[in-house]
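Please consult the sequence and the structure displayed below.

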Amino acid sequence: MIVVTNVVGIDFGTTNSVLTTVDQNGVVRPWRYNKPDGTLMRTVLTFLPQNGAEEAIIGARAEELQRDSRAASFASWKRQLGDEELKQVDVFGRTKNLVDLTAIFLGKLVVPVAGSDRLRAVMTVPANAPELQLQRMRLAAEAARIDVLGWLKEPTAAAVAYGLHRSKD
C-alpha cells in the first residue's frame, strides 16, 4: 500500500473523477487509471456480461467500451442522486439504482490504493449539493468500504489546491 495514512481524497465528479493519495514525502499523487497521457478519468461505469453476471469497469477501458454494443455504460448520473425519486437502471436484466452505480464506481476507484482494506476519505461535493445527494453518496461510499470523514465543497477544494502549490512564505 502506497498511502502514508489510510485517508485519501476523492473527487467523484459529474464529468471527471480522481482519487488522490499522499506519498511518504508528502507529495499528492492523483491516480490516472490507465490514462498514460495524464488526462483526467471520465466518470464512466461500464458493465460487460461475464458468465451470467457482469464485470464492472472504470477508467480508460470503460470509456472505450461505451461504444461497444455488448456493454451497458453509464455516465453523468451524479446530479440525479439528489432527485426525490431514485432512478433505477437495467444492467443485463438486473435492476440497479444510482446509489448502486455510485458504490460500484467508488469501490473500483479505491481498489489500487486500499486493496481489501476499509478506507477513510474526504470527498468533494458541489457547493449547492442537496442533503439527499450527500446522504446517498455516503450510503454508496459505505457500500464501497469507504468511511467519509467529511465533505469539501468544490470551490473550497480549488482554493486549498491553489494554496498547496504556492511557495511557503
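Which residues does F12 touch, not counting residues up to four places away in sequence? In this predicted model, F12 touches S17, T43, W77, K78, L81, T102, F105, L106, M123, T124 and M137 on that basis.

**Nonpolar cores**

- The largest nonpolar core comprises 38 residues, and I10, F12, L106 and M123 touch the most other members.
- Two or more residues of this core come from each of β1 (7–12), β5 (44–50), β7 (72–75), β8 (88–91), α2 (98–114), β10 (119–125), α3 (131–143) and β11 (146–153).
- The greatest contribution to this core is that of α2, with 10 residues.
- Another core, of six residues, lies apart from the largest one and includes L48, I57, A62 and A71.
- As general background, nonpolar side chains in soluble globular proteins tend to be buried together.

**Strand β10 and its partners**

- β10 is largely enclosed by the rest of the structure, because five of its seven residues are buried.
- β1 and β10 run parallel and are joined by four bridges.
- Within this pairing, G9 has V122 in β10 as its bridge partner.
- Seven bridges pair β10 with β11, also in the parallel sense.
- In β11, D147 stands opposite R120.

- A right-handed β-α-β unit is formed by β10, α3 and β11.

Definitions and conventions: Residues are numbered from 1 along each chain as its sequence is written. This is a predicted model: local features need pLDDT of at least 70, side-chain atom pairs count only at pLDDT 80 or more; totals for chains, interfaces and linings use all residues. Side-chain values use heavy atoms; hydrogens and water are left out. A nonpolar core is a set of buried Ala, Val, Leu, Ile, Met, Phe, Trp, Tyr and Cys residues joined through side-chain atoms within 4.5 Å. Buried means under 20% relative accessible area, exposed over 50%, partly exposed in between (1.4 Å probe, protein chains only). Contact means heavy atoms within 4.5 Å. Two strands pair if DSSP finds at least two bridges between them. A crossover is right-handed if, with the strands pointing away from the viewer, the path from the first strand over the helix to the second runs clockwise.
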